[in-house]
Amino acid sequence: MTDLPTALVSALAERGDELEPLAHLDRSTRGVARGDLRIVEALPHRPADRQIVLVLRTDSSREFADVLLVHSAPELATDRDAIFAADIASTPYDVVVQTDLRAAVWTWQLGPRIGRLNEQSLDALNLLAQRVAALGPSSMAAAEDAGVYCGTRLAGPLDGRWSFKKSEGEALRRLAADCTEALLDSDLEWQVDPQLLRPDLMDLADDPVLLLSELSHWVGTRPSFLTDEDLEMLVGTGALDVDMWVEISDIGADLLMTLQELALRAATQVGERTENEQRCLVVAAHLDPPDRLQPIHRIHYLGVKEKVAA
């Protein structure tokens with residue numbers, strides 16, 4: 001078992017009091033609540049256009065929000081979309097909630113609140129989401145009494161709204177991709193390639209700051225670990241020296257703080273790792289492939305837009 005140097009533990013603790021956390025790693029829900037209409041932002045390493053979403057619920061333990069995609073063009077609404085007037089949504093314009101475009105995003109991706117739907121409006125939205133064809137006249141009347149209306153049925157690919165709906169779906173998938181992948185793979189544990197934690201190798205990356213940002217995000221949102229051998233190598237090379245990371249950038253120092261728990265867990269053997277048939281490794285494309293005695297079933301390459309097969 002590897003002992004983490006006392007000086008390093010103390011330095012890390014001191015840095016924790018001094019450094020502000022990275023904005024994109026803010027774990028606070030910042031008051032996000034059901035019914036909020038908010039702007040959803042892309043993650044730095046997965047660029048996408050910002051969009052409006054309606055928050056259906058939040059999960060504080062896993063820090064994600066269940067959302068529906070929203071736009072502001074009532075003329076493009078379909079029979080699967082609910083149109084809310086500006087005065088009902090508390091927005092500067094009418095909004096269209098797309099009941100067929102639902103996804104999960106990280107809570108910290110959600111920015112300012114631009115409006116809000118009350119419970120009566122949400123109940124009416126739920127009625128419309130059950131498909132207009134299945135609703136009786138009384139249900140439709142209840143929805144309309146709440147000020148909620150829907151568009152007309154899509155007429156097929158030749159309908160001008162078809163391409164718009166397709167582009168909306170693609171936009172939501174880009175924004176929700178990281179959170180969705182993390183939730184689906186929540187039972188996997190990822191071994192971190194120790195080369196990623198060597199400041200002297202950071203200059204090999206095309207964008208070291210972006211790489212550090214993505215690594216911080218990955219370790220903060222996925223079960224991750226270092227082996228005893230990895231930690232011994234890092235301590236031996238001085239790779240966990242705070243000053244070395246500060247020389248790179250403030251984000252490098254923040255990364256070291258993010259990895260503090262990871263390193264301490266490896267050093268003290270506190271907390272048992274889940275035995276999983278799939279061995280997973282997070283690496284970077286610019287580094288030499290690590291030598292592994294055991295087969296790796298899944299590899300995630302930081303710094304690339306798509307996953308690369310192991």
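Is Trp190 buried or exposed, and at what relative accessibility? At 2% relative accessibility, Trp190 counts as buried, where buried means under 20% relative accessible area, exposed over 50% and partly exposed in between, with a 1.4 Å probe and protein chains only.

## Basis of the description

This is a predicted model, in which local features need pLDDT of at least 70 and side-chain atom pairs count only at pLDDT 80 or more, while totals for chains, interfaces and linings use all residues. Residues are numbered from 1 along each chain as its sequence is written, and side-chain values use heavy atoms, with hydrogens and water left out.

## Aromatic pairs

Rings of Phe, Tyr and Trp (its six-membered ring) pair if their centres lie within 6.5 Å; planes under 30 degrees apart count as stacked, over 60 as edge-to-face and the rest as tilted. By this rule there are two aromatic pairs. Trp106 and Trp108 are stacked, at 5.0 Å centre to centre with 10° between the planes, and both residues are buried.

Trp190 and Trp218 form an edge-to-face pair, with 5.1 Å between centres and 85° between the planes. This pair links distant parts of the chain, since Trp190 belongs to strand β8 and Trp218 to helix α6, 28 residues apart. Helices (H or I, at least four residues) and strands (E, at least two) are DSSP runs, numbered from the N terminus. Trp218 counts as buried at 3% relative accessibility. The charged end of Arg222 sits over the ring of Trp218, 3.9 Å from its centre; the criterion is NZ of Lys or CZ of Arg within 6 Å of the ring centre and within 35 degrees of the ring normal.

## Nonpolar cores

A nonpolar core is a set of buried Ala, Val, Leu, Ile, Met, Phe, Trp, Tyr and Cys residues joined through side-chain atoms within 4.5 Å. The largest has 27 residues, of which Val192, Leu196, Leu197 and Leu215 touch the most other members. At least two residues of this core come from each of β8 (190-192), α6 (208-221), α7, α8 (242-248) and β10 (280-284). Helix α6 supplies the largest share, five residues.

A second, separate core of 18 residues includes Leu56, Val97, Leu122 and Leu125.

## Helix α7

Helix α7 spans residues 228-237, and its buried residues are Asp230, Leu231 and Leu234. They lie on the same side of α7, because they cover an arc of only 95° around the axis, taken from the directions from the helix axis to the C-beta atoms. The face turned away from the buried side carries the exposed residues Glu229 and Gly236. Gly238 follows α7 and has a positive phi, near 75°.
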